[in-house]
Structure formats: structure tokens, C-alpha cells
Amino acid sequence: MQAPNRCVDTMQWRELERAIADKKTGSLTTWHATYIVWLTLAMLIISSQLFFIVLILAKRTLRMQLKNLLIVNICVVNLMMGGFIMPTVIHLILDSSEDECVLRMTVRVLNDYLQPALSVLTAISLVIDRFLFIMQKPITIKWLRIVVSVLLIIAPWVIGVLLALPLFFKSFEMGDPETGCVQEVNLWNIVCAHVLCFVLPSIALFVLATLSGLCSTNKKKVPAKELMYDCRDKPVSFKGESIKVVVFVCFMTIFPEVPYFVISLLRYTTTCDQPYCLDFFQGLKVSVWLRAAKALVFPFIWLWFTDIKAAIICRPTGAVDEDDDISDDQPTDMSQQDTMLLRYR
């Protein structure tokens, strides 16, 4: 009889692949439409995320603002999904052999733990930056501003790796490749990994986003309209658009992950073979596609920022040179500049 804290891996390795293929039984090695749709979705994610990464890093007026570097951070996390996880799953689907245990474990740790944790943690960094901006609490000391900026960029990756990897490798044991690479898992470590990597960071993200919204209602509104912004001017950010971005980033970071998180825990903690039991396969299929599709929504969220949208649609002549020193120490007629601006000169 098994120890109470250990159980067989009820989410078999190939069930994730079968959910994408929409094929509960039978061979997976035959190409069909869902594979093409999945790879098309992956290419759209790659191209959209790379577009914003290149746009921000190529324009000095954009990359000198911390919020834009934090957006690059989120884009890199989404690239992890579209550039590695999604194509690799197709490779594992078409590879009928069961001997690629290391690759399957890599996909599992990235898909189930590290990528969701990084997604939430990078969103928290962006919300913290926007919260300081909404509260109009700039960090005036240059070295402290740089330290805080570096921490907001790097901390999500350090924390995500420290949370996900040790718990994952303590939870799973290598088994016979013919049984799907994993023989048994530590149930409590699995639950702990899901809670630490997704639940607790999501609660923190929700609280910060709520505080940002509540604090914004207590601030005196700026009478000038955002339509007054001229793309030939220095890039600015408006409180209204920052609040919208905070709300939608919070929603799109948490909501699409919830179904997959719930189904994963249910499959590890419940066993039911009766006809009336929940069909986890159908739920897994929907949740997998929902998680993948969410990465395509974020590029539209970034278009709410006036400076990013202007950088795409505006080509000014004879205006502010991009090589001029950009400062947000002084407020504009419409809004204060970003409070966390990075300046190296």
C-alpha cells in the first residue's frame, strides 16, 4: 500500500500532448489540423513578442523607461511559451518513442511551474512600477532608482527559479520510460509547488492591482485630456492608461491559468473511474489552449501606453531627437513623466 503522501502520476506525460492533439486514445504521430493551428499560434506569439521587444530596445526614448523594460520582461516570459514549450510539445507528440524523459521533464517544469510563476512575478514588477507612478511617488535618489529598477527586472527570474526547480525535482522521480518517465510523485510537494508558484503570487498581484485602482480614485484628476499628447514630444504616461493596463495585466495573467491549475490539482488528489466523474480530459484540453492563447492578448494591452503606440504609428520630423537626454523630473501639462525612469547619463 502506498504511503499517504505519495501517489502515481495521475496526469500522464502524454495527456498534455493528447489534449493539444484533441485525441484521447490512439496514435498521435499523424499530422492533422490541430497541430497546424497550434504551431501557427506559436508563431504568432513569437512574432508579436519579438516585435515589442525590438521596438522597445531599439528606441532610446522607450528603453530608458523602466515600465517598458518590464514589458520586455513579460514578453520574454511569453516567448518561453511560444518559442519553446509549444514547439517542443509538437515534437513530443510526433515522436512515438517514450525515451525522451529529460525533455519531457523539462517541458513539465516549464509548463506547469516555472512559466506560470514567472508570468505572475513579472506582472507584479510592472504593477509595482505603475503603482508608484499612480501614487506620484518618484524615487529621486539616482543610485536608489537604479537599484530598485534592477531588482524589479531581475527579482522575478531569481524568485521563480528558486521556487519552481527545487520543488519540482523533489516531487518527481525518474521511472521506466515505457510508463511515461514518471513512476510516482510526492503529492504534498506537488500541492506546495502549485501554491507557491501560482496561488500566492497571484494573490499578491491581485492585491497590488486593487490597491492601484483604489489609490487612483483618491488622486486629484488632471483636467487635460490624453488626446492632447503630440507624438513629437517626449514620451509620457498617463494615469488613466496605467490603471487600465494594471487591471488587464492582472486579469490576463491570473484568469487563463486558473483552469489548468485546478485541473492539475484535481487529477493529483482525486481518483474516480465512474461514468458520473468529471471528464478531466475535456477540461485539460480547454485549459491548455486558453493558457497558450493568452500570450496573444498582451501585445494589445501594451498599445494602451501612449508612448508605445506613438512609437509605432508616428514618424515625427524635426522634433525631439531620440539621442537627447530624456528626463521625467519635471511634470508635463498632461501628466507626470514615469517615476521610475532609468537614466545612465
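Close-up 1. Trp-38 is buried, at a relative accessible area of 3% (buried, under 20% relative accessible area; exposed, over 50%; partly exposed, in between; 1.4 Å probe, protein chains only). The model is predicted: local features need pLDDT of at least 70, side-chain atom pairs count only at pLDDT 80 or more, and totals for chains, interfaces and linings use all residues. Residues are numbered from 1 along each chain as its sequence is written, and side-chain values use heavy atoms, with hydrogens and water left out. Rings of Phe, Tyr and Trp (its six-membered ring) pair if their centres lie within 6.5 Å; planes under 30 degrees apart count as stacked, over 60 as edge-to-face and the rest as tilted. The count by this rule is 6 aromatic pairs. One of them joins Trp-38 and Trp-289: the ring centres are 4.9 Å apart and the planes meet at 85°, so this pair is edge-to-face. Trp-38 belongs to helix α2 (residues 33-58) and Trp-289 to helix α10 (residues 280-293), so the pair ties together parts 251 residues apart in sequence. Helices are DSSP runs (H or I, at least four residues), as are strands (E, at least two), numbered from the N terminus. Trp-289 is partly exposed, at 22% relative accessibility.

**Close-up 2. The tilted pair of Phe-248 and Trp-304.** Their ring centres lie 4.8 Å apart with planes at 35°, so the pair is tilted. Phe-248 sits in helix α8 (residues 239-254), Trp-304 in the loop between α11 (298-302) and α12 (306-313); the pair therefore ties together parts 56 residues apart in sequence. Phe-248 is partly exposed, at 38% relative accessible area. Trp-304 is also partly exposed, at 33%.

**Close-up 3. Helix α8.** Its 16 residues should span 22 Å at 1.5 Å a residue, and the end C-alpha atoms are 23 Å apart, which agrees (expected span: 1.5 Å times one less than the number of residues). Buried residues of α8 include Val-245, Val-246, Val-249 and Thr-253.

**Close-up 4. Ser-119 in helix α5.** Ser-119 lies in α5 (residues 101-135). Ser-119 is buried, at 5% relative accessible area. Beyond its neighbours within four places in sequence, Ser-119 contacts Val-77, Thr-253 and Lys-294 (contact: heavy atoms within 4.5 Å). Thr-253 is among the buried residues of α8.

**Close-up 5. Charges over rings.** Lys-67 lies over the face of Phe-305, 4.2 Å from the ring centre. Arg-291 lies over the face of Tyr-260, at 4.8 Å from the ring centre. A charge sits over a ring if NZ of Lys or CZ of Arg is within 6 Å of the ring centre and within 35 degrees of the ring normal.
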